[in-house]
Amino acid sequence: MGNELVLGDCLVELPKLASRYPSGFDLVYVDPPFNAGGTRSAREGRGHRADGAAAYRDAWGGIDDFLAMLQPRLAAIRDVMSARASLWLHLDHRAVHDAKVLADRIFGSRCFEGEVIWVPGNGGRRRSGPSVTHQTILIYRKGKDFIYNLDSPALREPYADTSLRMHFNNTDADGRRFRERSINGKTYRYYADQGRRLGSVWSDCPAMRANTPLIDEGTGYPTQKPESLLTRIVAAGSLEQSLVLDPMCGSGTTLAVAQKLGRRWVGVDQSPLAHRIAKKRLAKLVVEPRQTRRTRAPSRPSVRD
Ligand SMILES: C[S@@+](CC[C@H](N)C(=O)[O-])C[C@H]1O[C@@H](n2cnc3c(N)ncnc32)[C@H](O)[C@@H]1O
């Protein structure tokens, strides 16, 4: 099972998913409204001309109202997570600090595993006062431990040039540059081409607007996140047999990435426009396998309205 797209409020849909997927989801990424005010409109069609279609509202009567929306939904998310799952909660400065306190209460502060500072690369735009040019992704586990693929190449970044010049002065029989370090009497070897472990500031996954070649990825849905960001998250927090959930999936970025990485996925969104865009996007990705009597096309997204 898996690979389904559901139209509806995740608060209503998550308990239904819990009964259909009793072993739970290994990875949940959620990118809710940000408490930014107003309504987000889509830019659909060739060249992504603005057509003014409202995608979703992000207007709340203040932070308390916003948290009142988020609280039961985070609790419902927790209920559908597997024992070794993680939640990646994506927000920005307008709500992340209050949401952290809220999520600590729901998951327990000891289950807070850290945060990613994502730098979309759009540049400062405020005319008075400091511009905020990053967003924050809070990471919580549900159980004692959680899936985290520490050695995945997706969680590596290149060594700094200075470090490469100063330290990587050896070459092995295959021509690979390396350095060795002795720590507590044990010698460790590090290869230049493997890169170093990624830190918590991610500035190498540019936003849709920050890098024009990414226009190809764009669906016109507002606040669509880049596939490079989700690729890293899905590669970090799930295994091939994992079920991945995005309960506010928008244009379906998480689902598209999960499909490409061979994970099973479920997406929910209450916006009919999001549902239509995500359905189209996912249908394009699904390659119909040749059908025989014994095999069934497994991955065409099923749509529940
Ligand atoms: C920031 S957008 C998500 C964008 C998405 N990550 C992408 O890459 O396209 C937030 C989404 O949350 C959806 N949403 C808001 N409240 C919801 C709820 N209670 N249940 C399901 N979806 C909801 C909105 O319709 C909107 O599509």
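1. Confidence. The protein chain has a mean pLDDT (the predictor's confidence in each residue, from 0 to 100) of 90, and 89% of its residues reach 70 or more. This is a predicted model, in which local features need pLDDT of at least 70 and side-chain atom pairs count only at pLDDT 80 or more, whereas totals for chains, interfaces and linings use all residues. Residues are numbered from 1 along each chain as its sequence is written.

2. Over residues 46-50 the pLDDT stays under 50, and the model has six contacts for them beyond four places in sequence; two residues are in contact if their C-beta atoms, placed from the backbone, lie within 7 Å. The pLDDT is also below 50 over residues 288-299, a stretch with six contacts in the model beyond near neighbours in sequence.

3. Ligand shell. The ligand is surrounded by 21 residues, of which Met-248, Gly-250, Ser-251, Thr-253 and Ser-271 are the closest; a residue counts as near if its C-beta atom, placed from the backbone, lies within 6 Å. Nine residues of this shell are nonpolar, seven polar and five charged. The nonpolar class is Ala, Val, Leu, Ile, Met, Phe, Trp, Tyr, Cys and Pro, the charged class is Asp, Glu, Lys and Arg, and the others, Gly among them, are polar. At least two shell residues each come from helix H1 (10-20) and strand S15 (264-269); helices (H or I, at least four residues) and strands (E, at least two) are DSSP runs, numbered from the N terminus.

4. H1 and H2. Helix H2 (residues 63-80) packs against H1 at an angle of about 15°, with the axes 9 Å apart. Axes are lines fitted to C-alpha atoms, for helices over the stretch in contact, and angles run from 0 to 180 degrees between N-to-C directions. H1 is therefore roughly parallel to H2 (angles under 35 degrees count as roughly parallel, over 145 as roughly antiparallel, 65 to 115 as roughly perpendicular and the rest as oblique). The contact involves, among others, Leu-11 and Leu-14 of H1 and Ala-76 and Ile-77 of H2. By class, this contact has 10 nonpolar, no polar and two charged residues.

5. H5 and H6. Helix H5 (residues 227-237) and helix H6 (residues 253-260) meet at about 60°, with their axes 9 Å apart, so H5 is oblique to H6. Residues in the contact include Leu-230 and Val-234 of H5 and Thr-253 and Val-257 of H6.

6. H6 and H7. The axes of H6 and helix H7 (residues 272-285) come within 10 Å and cross at roughly 10°, so H6 is roughly parallel to H7. Leu-255, Ala-256, Gln-259 and Lys-260 in H6 meet Ala-278, Arg-281, Leu-282 and Leu-285 in H7.
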